[in-house]
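Dear colleague,

I am passing a structure on to you, with some notes on what turned up in it. Please look through it first and then read on.

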Amino acid sequence: MKKLLIFLLLFECSVFNIQCSMAFAQDAMKVLDITADRIRKAGNVKIEYKASIFAGATEKASSTGTMWLQESKMKLETGDINTWYNGKTRWCYVPSANEVNIDEPSKKEMAAMNPYTFMNIYKKGFKMTVKETVLRGEAVYEVYLRARYAKMDVKEVYIDIRKSDYQPLCIRVREDNDWQRVSILSFKGNLQLSDTFFNFPEKDYPKVLINNMR
């Protein structure tokens with residue numbers, strides 16, 4: 001009888017843990033679904049951010065910048081380089097050298113530059129949980145994603161999402177041993193951006209050296 005009671009107790013604990021894990025996963029998925037939907041509805045967006053790379057707890061490099069997004073199109077301005085991408089062609093202008101490099105990157109390569117890539121990847125291949133915490137003095141949902149398969153490029157992701165409006169405030173990604181962190185400093189949606197906004201304005205740089213690598 002004693003062994004039976006112990007078995008039943010262990011069984012109930014196991015069922016409870018499984019149910020809790022499923023509930024956490026469902027709650028995390030719900031938070032990300034709402035977040036992704038609101039970002040999509042924001043349309044054309046402008047994001048100011050700080051990006052950092054860490055080896056353990058040590059920051060190896062960091063930069064700040066401004067990014068504009070329109071579906072797959074992107075414009076990116078940092079202190080060292082400005083990038084335009086119209087969905088096919090990418091122009092990378094280096095002010096210090098007064099040259100622009102032109103190529104046609106893969107979608108995977110461009111996705112690595114976009115802090116909102118998680119909108120397309122979180123539904124497949126990840127275990128996820130969510131908890132409530134505080135970031136920069138604001139109440140947030142901290143969603144944690146862990147890769148199910150060793151072959152996946154992205155191993156772990158933390159996404160801090162403000163509870164009041166479901167805006168991401170920080171995204172941390174681990175691929176190998178290094179972590180990348182993107183802190184969202186400001187977010188503006190529903191902007192009016194033309195298609196040519198994402199093309200390099202060559203007429204504004206009449207003396208630029210062009211390296212066409214397509």
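**Salt bridges and ring pairs**

Glu 138 is partly exposed, with a relative accessible area of 30%, where buried stands for under 20% relative accessible area, exposed for over 50%, and partly exposed for what lies in between (1.4 Å probe, protein chains only). Please keep in mind that this is a predicted model, in which local features need pLDDT of at least 70 and side-chain atom pairs count only at pLDDT 80 or more, while totals for chains, interfaces and linings use all residues. Residues are numbered from 1 along each chain as its sequence is written, and side-chain values use heavy atoms, with hydrogens and water left out.

Glu 138 forms a salt bridge with Arg 162, their closest N and O atoms being 3.3 Å apart; the term stands for a side-chain nitrogen of Lys or Arg within 4 Å of a carboxyl oxygen of Asp or Glu. Glu 138 lies in strand E8 and Arg 162 in strand E9 (residues 156-162), so the pair ties together parts that are 24 residues apart in sequence. Helices (H or I, at least four residues) and strands (E, at least two) are DSSP runs, numbered from the N terminus. Arg 162, for its part, is buried, at a relative accessible area of 16%.

By this rule there are 13 salt bridges, and one of them joins Lys 131 to Glu 142, with 3.7 Å between the closest N and O atoms. This pair links distant parts of the chain, since Lys 131 sits in strand E7 (residues 126-135) and Glu 142 in strand E8 (residues 138-147), eleven residues apart. Lys 131 is partly exposed at 48% relative accessible area, whereas Glu 142 is buried at 15%.

Another salt bridge is found between Asp 160 and Arg 172, whose closest N and O atoms are 3.3 Å apart. Asp 160 belongs to strand E9 and Arg 172 to strand E10 (residues 168-174), so that parts twelve residues apart in sequence are tied together. Asp 160 is buried, with a relative accessible area of 3%, while Arg 172 is partly exposed at 24%. Lys 131, Glu 142, Asp 160 and Arg 172 are linked in a network of salt bridges.

Turning to the aromatic rings, the count comes to ten aromatic pairs, the rule being that rings of Phe, Tyr and Trp (its six-membered ring) pair if their centres lie within 6.5 Å, with planes under 30 degrees apart counted as stacked, over 60 as edge-to-face and the rest as tilted. Among them is the edge-to-face pair of Trp 68 and Phe 197, at 5.6 Å centre to centre and with 70° between the planes. Trp 68 is in strand E2 (residues 58-70) and Phe 197 in the loop between strand E11 (178-188) and strand E12 (209-212), so to speak 129 residues apart. Trp 68 counts as buried at 11% relative accessibility, and Phe 197 is partly exposed at 23%. Lys 75 lies over the face of Trp 68, at 5.3 Å from the ring centre, and over the face of Phe 197, at 4.5 Å; a charge sits over a ring if NZ of Lys or CZ of Arg is within 6 Å of the ring centre and within 35 degrees of the ring normal.
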